[in-house]
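Before reading on, please look over the chain and its fold.

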Amino acid sequence: MMAYAPPNSRGLTIHGSLVDTEQFINGPSSSGLSMSQPDITAAVSTPSPTVYQSNPLRSHSPASIGGWPVTSPLAKFASSGGQWKAVDMKPVLDMKLAFLSGGRDREGRSIVAIPALHKGEERPRDELTTTLYYLVNTVSTEVRENGFSIVLDGRGYSWQLVKQTLRLLQDCLPHQIDVVYIIQAGQFWHRRQSSFSRHSREKSRFEFSTIMLSSAEKLLRHIEESQLTSDLGGFLPYNHSEWISFRLNLEQFMNEVDVLLEQMLLLEQRMTKDYVADDVEGAEQVLQYHCNLKEEVKMCPQGVLKKGRDLISSIEQKPDDSGTSSITPDKINATATIRHLLEGVQRKHRQLEDLWSSHKSQLEQNLQLKIFERSVYKVKSWLKGRGMEALSNKQDIGDCCAAIEVLWQQHEKLEAKAQSIYESLTQLRLMVDKLCGANHFASADMRQCIAKLSNRYTFFDARLQERTDVLRLSMTFHQHLEEWREECDQCREELMKEGVPLDDTAAEQDRQQLEFLQQIAGQLMQEGRGLLEMMHQQAEMQVPHPPDYKKGSRHTRHCLDEIEDKQKRVEQLAEARKVRLDQLKQIYTCEKDAKQALDDLEHLLEQLSSCLGNLGDSLAATTKLRDEHTKISRAAKKTHEYGKDLLSAASKGRQACGMPQQPNQSLLA
């Protein structure tokens, strides 16, 4: 038997939402909650307006909707889009025009009971139709496919009303009903014999079979007593107000499940929304926003879960007045479906929590990446910007030790900053190792970035070391230069002094001092040429913004020329001093020897004077005295000539040296 499925309709409103709920819970790959699964009693289907328009008993007047008058419940149902809800149906359900007790006939078909009318009571046709539609769609697809057995308690009915009710069943649910049991009073059969034959002719038009019963007891031949309510001769517990209350709670639970799943979907969308964070602050805000969702994720299903468990408890634990359980197959199916939904909600909640944790991890990694990128940017921008600019602008090598000391202090500040940059780079390396060890999603990019940054720092450090070498060599060169200048000036003063002792010690001192100056000058020349070569090599390097040491090179060459010039002049002074010392030595030697000649002449004079009074007492003695006198005269003459020559040479030497002639003149006198 085919199930009722209005065309162009999504079918069950609440049951349909169950299908959507399960698809939402299991994801797109899930087949959803199959209609063959135990269906919740609260599942309500929405008949299509097409069904109403096809009803031959309804007119299509302008003052109707879907074939029903605008004031009828079915018209209101059609105008509302076919949404069956117990809260909307409650006024009709309270009338108890028909009900589902949960019983089954011997074929397993669900029993729909249409209770008897009291005397003078009328049964509203539209409300009955609405009730039947609602009841049929509160069961699962399996139950609907199995068909329904209608128990029409015709006691209190007129035969005309029985026929109208049968036609209504034919019009409303022709494919869902298998059999209709009609209970009529015994005396009714005797009064309506002629009508039975007409009914027999009419019943061939029904798509279900009808069984006429003269009493409720005869209904037990077809349906077990345990499956019938007390008003039909059975003992199946049924409380219509409790059933309505259960329906209201159940449909409210289903609505809350739908709302919850929409909330979960919104939470999922909020969690997975791609918030673009361009900086650390933005990443922190996104992460904080995500962390704030934790409590919302944790608490969102609690109310629905509690309500679902309460519903299950109300079904399973509430006995009837006799103390026996009132569990029916419909309630068993409802319990199974509620459990299934609760499991789905819990599963979706776990997925949502897992998604929150996973996305939190991603956001944390994104924050770590932004922190890494910010640190990299700081290091990289300094190396490319202020650091390299400061290094490129340091092209002065100083022209004295004081100036170089100032440059060195500036350079030390640059080195200190470079050291802090290196420490930052080290921290970045440790960060990358840690994040890569934790399987960060950007591990490869970070490793590549840190490698490039390390290469850039290595290049900068090499340039910085080159600058350090230039300044250090310049400082050494200028320190030695200033020392050499001081020594050179002292040496010049010494070489230009007058009245230097004419002994070998002075000459030796001059020689040693000259050799010392020559040694320093040679070292300076070597250092200066090394400094020039270093500056030339750095200026010729194929690197961006090579240093321009033209000024420093000119200064260094000037210093080297100064060294060569001064050294040459000192050597000339030393040579001149040596010549002068030699001349003075000769002058003083001549004068000394001349003085000795004077002393010799005085000695000879004394000898002659001592011999003037002695003429000898014999020829031999006189001859001897004469020979001695002649000898003394010759010696005096030679000594006189020798002394004159010495004094002449000394005089010429003094004249050549620009020295006064007094000492010589006194000797000549």
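Is Lys96 buried, partly exposed or exposed? In this predicted model, Lys96 has a relative accessible area of 31% and is therefore partly exposed, since that value falls between the cut-offs of 20% and 50%. The residue is found in the loop between α4 (86-93) and β3, and its phi is near 50°, a positive value in a residue other than glycine. As background, most residues other than glycine have a negative phi. Lys96 also lies over the face of Phe99, at 4.9 Å from the ring centre, and this leads on to the aromatic rings.

A pair of aromatic rings is described by the distance of the centres and the angle of the planes. The structure has three aromatic pairs by the rule that centres lie within 6.5 Å. One of them is formed by Phe99 and Tyr238, whose rings are 4.7 Å apart centre to centre with 15° between the planes, and the pair is stacked. This pair links distant parts of the chain, as Phe99 belongs to strand β3 (residues 99-104) while Tyr238 is in the loop between β7 (209-213) and α10 (240-272), 139 residues apart. The two partners fall into separate accessibility classes: Phe99, with a relative accessible area of 2%, is buried, whereas Tyr238, with 22%, is partly exposed.

Another pair is made by Trp382 and Phe460, where the ring centres are 5.2 Å apart and the planes stand at 70°, so the pair is edge-to-face. Here too the pair links distant parts of the chain, with Trp382 in helix α13 (residues 329-393) and Phe460 in helix α15 (residues 443-495), 78 residues apart. Trp382 counts as buried because its relative accessibility is 7%, and Phe460 counts as buried because its relative accessibility is 0%. A charge over a ring is found elsewhere as well, for Lys294 lies over the face of Trp356, at 4.6 Å from the ring centre.

Which residues line the largest cavity? The structure holds three cavities of 30 Å³ or more, and the largest has a volume of about 60 Å³. Its lining is formed by Leu391, Lys394, Arg463, Glu466, Arg467, Gln538, Pro547 and Tyr549. Helix α15 supplies the largest share of this lining, three residues.

From C-alpha to C-alpha, Ala403 and Met475 are 9.5 Å apart in space, although 72 residues separate them in sequence.

The details can now be set against the whole. The protein has 19 helices and seven strands, and buried residues make up 44% of its 669 residues. Among contacts with a separation of 6 or more, 80% are accounted for by residues 24 or more positions apart.

Definitions and conventions
Residues numbered from 1 in each chain as written. Predicted model: local features only at pLDDT ≥ 70, side-chain atom pairs only at ≥ 80, totals over all residues. Heavy atoms only, no water. Phe/Tyr/Trp six-rings, centres within 6.5 Å; stacked < 30°, edge-to-face > 60°. Helix = DSSP H or I, 4+ residues; strand = E, 2+ residues; numbered from the N terminus. Buried < 20%, exposed > 50% of the residue type's maximum accessible area, 1.4 Å probe, protein only. Lys NZ or Arg CZ within 6 Å of the ring centre and 35° of its normal. 1 Å grid on protein atoms, 1.4 Å probe; cavity = no way out; pocket = protein on both sides within 12 Å on 5 of 7 lines; lining within 4 Å. Points joined across faces, edges and corners; volume = space filled by probe spheres on them. Contact = heavy atoms within 4.5 Å.
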